[in-house]
Amino acid sequence: MKNNRILPLTLVVAAVLAGCSSLPANNSLLDEARNDYSIAQANPQVTSLAAGELKQASNSLDKANSAWSKDESKAKVDHLAYVAKQEVAIARETADQKAAELAVTNATAERDAVRLEARTREAEYAQRNAQISQRQSEASQRSAQISQRQSEASQRSAQISQRQSEASQRSAEASQRQAESQTQAANIAQLNAQDARQQAEAAQDRSLQLEAQLKAMEAKKTERGMVVTLGDVLFDTDEAQLKSGGVHNVQKLADFFRQYPQRNVMIEGFTDSTGSNSHNQNLSDRRADSVRTALLGMGMGSERITWRGYGESYPVASNDTAAGRQQNRRVEMIVSDDNGKIAPR
Amino acid sequence: MSSHQWYRAAGAIGIAAVVMAGCASVPKPTEQIAVSNSAITNASRAGGAEFAPVEMKSAQDKMARAHQAMAKEDYEDARRLAEEAQADARLAEKKAESAKARKAAVVMGDDIRVLRDEINRKSK
């Protein structure tokens, strides 16, 4: 009788267990989740940058493991294993994202350092140009001194011949007059030679100056005249404000126009093709106007300046590469001929 | 009915109640459905469809099946599907964000290279 009572009870319990759970077999999804987790845990980037996400994945994996060891239904174990597996992937992606963001932060610092280096180099470049001009002027000074010494020598020899002619004066009056007239002719010739030499030196100085100035501004000869280009690095990003390097270049140009009052300037602004047309038109207008304002501030007459923005028109390089876009973001200043004329675009 | 038989009947009813509680009675997962829906919205706002199309599609499919299970009052199934959809959507969002961050890092590297080229060209 006792056995009879226990047997059906045991059968009921067995049936209940069979109804709610499956046999303790391997679960492939759970194996995948465990494997993914151990790979992520061995990755120092994930453990350091996504510790919270990895902990959450670990908790979910614990739940899946515990359901599996309690022989709960395959559907439940599969579900918990799937969630754990996706959470491991979330931890991995989070670590990737943070690593890339760190790289951007570091790169921003590096870019600032590179910009600083660019400005330093520009200053050194200007200093070198100044030294070259100084050396050139020292050289022409030296050659002037040499010419002067030569003329002193010829003067002395003229004096010697004068003395000789004075000695012969006593012997013949006629030859004395002749000697005097020769001395006068020599003096006149000497004066003429001095004049010519001074003029030549002045002309040489002027052409050296013009050449050195245009070189310093990196002017290029085009069909429309000499063109000085202000690159993108001389402006703040997406702003019309000139940086100190840009102001420096414009100052050189203003000095140039002070010396050549018959020459005028045309200022043209350009951008790359990134952004809307109206934004680009506006930025190129403002950059051109900013250069004009700088020239006016340096004392150049407004009647000598024309300016306009061309937006993304007239690119000088391809807009498909970062290097090309940087070349297209620019302000060009065209120097007129001696009559103040500039050919239209 | 003897007291013997009465105990046996009470025991059987007790076991049946425990079994019903363990296997069947599941609350309606309304809250989980709302959480999963908002995870999908966030993921698609972050660009999940572009950067993680597989995860995005899986999340949306599972959400549709979760709604069907709700209609059939199969709440256990509905909750599991909604939880998996949430995990898929969060993964899609993260994938989109990390892809965008990597892209930004590449662009920044390009910019620096251009700047350096420009300096080297000028100092020649």
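Predicted model: local features only at pLDDT ≥ 70, side-chain atom pairs only at ≥ 80, totals over all residues.
**Exercise 1. The layout of chain B**

Which pattern does chain B follow, read along the sequence?

*Solution.* Start with the elements: chain B has 5 helices and 0 strands. Reading along the sequence then gives α-α-α-α-α. Next, burial: 35% of the 124 residues of chain B count as buried. Last, take the contacts in chain B with a separation of 6 or more; residues 24 or more positions apart account for 73% of them.

**Exercise 2. Two helices of chain B**

Find how H2(B) and H4(B) are arranged, and which residues make the contact.

*Solution.* H2(B) covers residues 30-45 and H4(B) covers residues 53-71; their axes come within 11 Å and cross at roughly 155°. Angles over 145 degrees count as roughly antiparallel, so H2(B) is roughly antiparallel to H4(B). As for handedness, H2(B) passes H4(B) in a left-handed crossing.

Now list the partners. H2(B) brings Ile33(B), Ser36(B), Asn37(B), Ile40(B), Ala43(B) and Ser44(B). From H4(B) come Met56(B), Ala59(B), Gln60(B), Met63(B), Ala66(B), His67(B) and Met70(B). Sort this contact by class and you get 8 nonpolar, 5 polar and no charged residues.

**Exercise 3. Helix H4 of chain A**

Check the span of H4(A), then say which of its residues are buried and what covers them.

*Solution.* H4(A) runs over residues 51-69, which is 19 residues. At 1.5 Å a residue it should span 27 Å, and its end C-alpha atoms are 27 Å apart, so the two agree.

On to burial. Leu54(A), Ala57(A), Ser58(A), Ser60(A), Leu61(A), Ala64(A) and Ala67(A) are the buried residues of H4(A). Their cover includes helix H2 (28-41), helix H3 (44-49) and helix H5 (74-169) of chain A. Just after H4(A), look at the backbone too: Asp71(A) has a positive phi of about 55°.

**Exercise 4. H4 against H5 in chain A**

Describe the crossing of H4(A) and H5(A), then classify the contact.

*Solution.* The axes of these two helices come within 8 Å and cross at roughly 165°. H4(A) and H5(A) are therefore roughly antiparallel to each other, and their crossing is left-handed.

On the H4(A) side, the residues include Leu54(A), Ala57(A), Leu61(A), Lys63(A) and Trp68(A). On the H5(A) side, they include Val77(A), Leu80(A), Val83(A), Glu87(A) and Thr94(A). The class tally for this contact is 14 nonpolar, 3 polar and 3 charged residues.

**Exercise 5. Two residues up close**

*Solution.* For a C-alpha check, Glu53(A) and Val88(A) are 35 residues apart in sequence and 7.6 Å apart in space.

Technical notes:
Residues numbered from 1 in each chain as written. Chains lettered and ligands numbered in written order. Heavy atoms only, no water. Helix = DSSP H or I, 4+ residues; strand = E, 2+ residues; numbered from the N terminus. Expected span 1.5 Å × (residues − 1). Buried < 20%, exposed > 50% of the residue type's maximum accessible area, 1.4 Å probe, protein only. Contact = heavy atoms within 4.5 Å. Axes fitted to C-alpha atoms, helices over the stretch in contact; angles between N-to-C directions. Parallel < 35°, antiparallel > 145°, perpendicular 65-115°, else oblique. Left-handed = near helix turned anticlockwise from the far one by under 90°. Nonpolar A, V, L, I, M, F, W, Y, C, P; charged D, E, K, R; others polar.
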